[in-house]
Amino acid sequence: MDNSELFPRDHIKTCYLGKNVNGYIDSSEFGDPLGKISHTDRLIQVLVKNYVDKGGTINFGESVSSVSKSIEKVEVKTNKGNTYVAKLLVLATGSRGFEIQSSLGFEIPDSYMGIYCHMFESESQIESNFDFDYLFHINPNISENGPFFFNVGKGRVCTGYLGNKGESGSELVNKLDRILRNYKYIQPNLEGLKWDKSKFITGKISKHPISRFSQDRTLILGEAAGLVTAFFYEGLLSGLISAELASETINPLLDKESSFSHTELANYDKELKYKLLNKYYKNGEACEFIFYDASPSAINKIWDTYTKLIQENKKLRKQIWEAYRKHDIENYDLSRDKWAGERLFEKLPALSKLSLGPKFLKALIKF
Ligand SMILES: Cc1cc2nc3c(=O)[nH]c(=O)nc-3n(C[C@H](O)[C@H](O)[C@H](O)COP(=O)(O)OP(=O)(O)OC[C@H]3O[C@@H](n4cnc5c(N)ncnc54)[C@H](O)[C@@H]3O)c2cc1C
């Protein structure tokens, strides 16, 4: 985290952009920064190098085309005609290996579409355009299922949005370009910045965890298993946690020459459910249920009320600051989310309280 090439700046301030009022979480109000802004592409290169330096092998440009299993082994065939044999296969294919995972009997998580791009400019221009490090915004015209964001690095800014199902890549590209050109709330941030439509990256992003994470001689990790939080679309932390839990299950089995049967691997499912899904994922489900809605006017009303609540309520700001900083996932405190949901409901205009009351009540009972 001290490497400024990989983590170029502290994450001091988040802006929850509203149409009337912005809610800011400014860490200087409470103490230490919210975290670090990462240049994740560079980070991945370093992690890949570490792995290779420690004796790992990575074959880039070679994709697995089929997998077969027997009682003794797993066999993987690739597009280059190679066959690899293993005791255990760990699938971490994100949203790009659904055919393989279903051929092995794993479910497929729900898939949405996302887009992002980098805009490059001088550090001084970026400093003068942004008074925050990260921006999160919900607008049903952008997406009914996900946020628009800015992630402000050093000399570059990442932006995009997540969430709609079934939009094509070119629709997403044109829409992001229109948003960047015209969306009035973000124009001050884009002063002097340029972007190249041909470099926009689109892709599936999957969420809503599948129900089973192991079969005989196979485990599934990360986004392939739907381990992405339903509201923020964060998959990195869950990917790391699932990898750690998998290794905790696998290591003792390696020592005793296991056959890696599903009963021996079931500990991975148990731990994943207990440590990740049982509490922490309830936050994502509840926020998804409250903030993303079939009715665009409900989304607008709830989001605008929320940004105002952040601006006015110091206790909420402090709890968000703490949630950013504390990753005690296993003991995630759901009562704070309930408290925040109640404050949000209280703050809705009277008419919205009537129409949205049943939704909030259902959320309270459901989570
Ligand atoms: C626009 C956008 C913004 C995001 N922002 C954030 C964020 O701010 N914070 C956060 O936590 N998460 C974020 N995410 C989500 C996060 O990036 C992913 O959930 C995470 O990278 C998933 O990790 P993974 O290792 O499970 O899968 P991936 O990173 O998708 O890796 C899967 C790998 O498997 C390879 N593969 C697939 N099929 C095959 C095959 N048949 N043979 C060989 N190789 C194969 C792929 O090439 C790929 O390298 C974002 C996602 C998007 C799209």
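How many nonpolar, polar and charged residues does the shell around the ligand have?

What you see is a predicted model, where local features need pLDDT of at least 70, side-chain atom pairs count only at pLDDT 80 or more, and totals for chains, interfaces and linings use all residues. Residues are numbered from 1 along each chain as its sequence is written.

Now the answer: by class, the shell has eleven nonpolar, ten polar and three charged residues. Here Ala, Val, Leu, Ile, Met, Phe, Trp, Tyr, Cys and Pro count as nonpolar, Asp, Glu, Lys and Arg as charged, and the others, Gly among them, as polar. Of the 24 residues around the ligand, the nearest are Gly94, Gly222, Glu234, Gly235 and Leu236. Two or more residues each come from β9 (110-120), β12 (156-162), β13 (201-207) and α6 (236-255). The largest share, three residues, belongs to α6. Both domain 1 (9-41 + 110-206) and domain 2 (59-109 + 208-277) give at least three residues to the shell; these bounds come from an automatic or database domain assignment.

Let's step back to the whole chain. The protein chain has twelve helices and 15 strands, which are DSSP runs numbered from the N terminus (helices: H or I, at least four residues; strands: E, at least two). Its C-alpha atoms fill a box of roughly 65 × 50 × 40 Å along the principal axes. Buried residues, those with 20 or more other C-beta atoms within 10 Å of their own, C-beta atoms being placed from the backbone, make up 32% of the 367 residues.

Strand β5 (residues 64-69) and strand β6 (residues 74-78) run antiparallel and are joined by five bridges; two strands pair if DSSP finds at least two bridges between them. Serine 68 has glutamate 75 in β6 as its bridge partner.

Is tyrosine 134 buried or exposed? Tyrosine 134 is buried, because 21 other C-beta atoms lie within 10 Å. Neighbours within four places in sequence aside, tyrosine 134 is in contact with His11, Thr14, Phe150, Asn151 and Val152, where contact means C-beta atoms, placed from the backbone, within 7 Å.

Methods
Buried ≥ 20, exposed ≤ 12 C-beta atoms within 10 Å, placed from the backbone. Contact = placed C-beta atoms within 7 Å. Near = placed C-beta within 6 Å.
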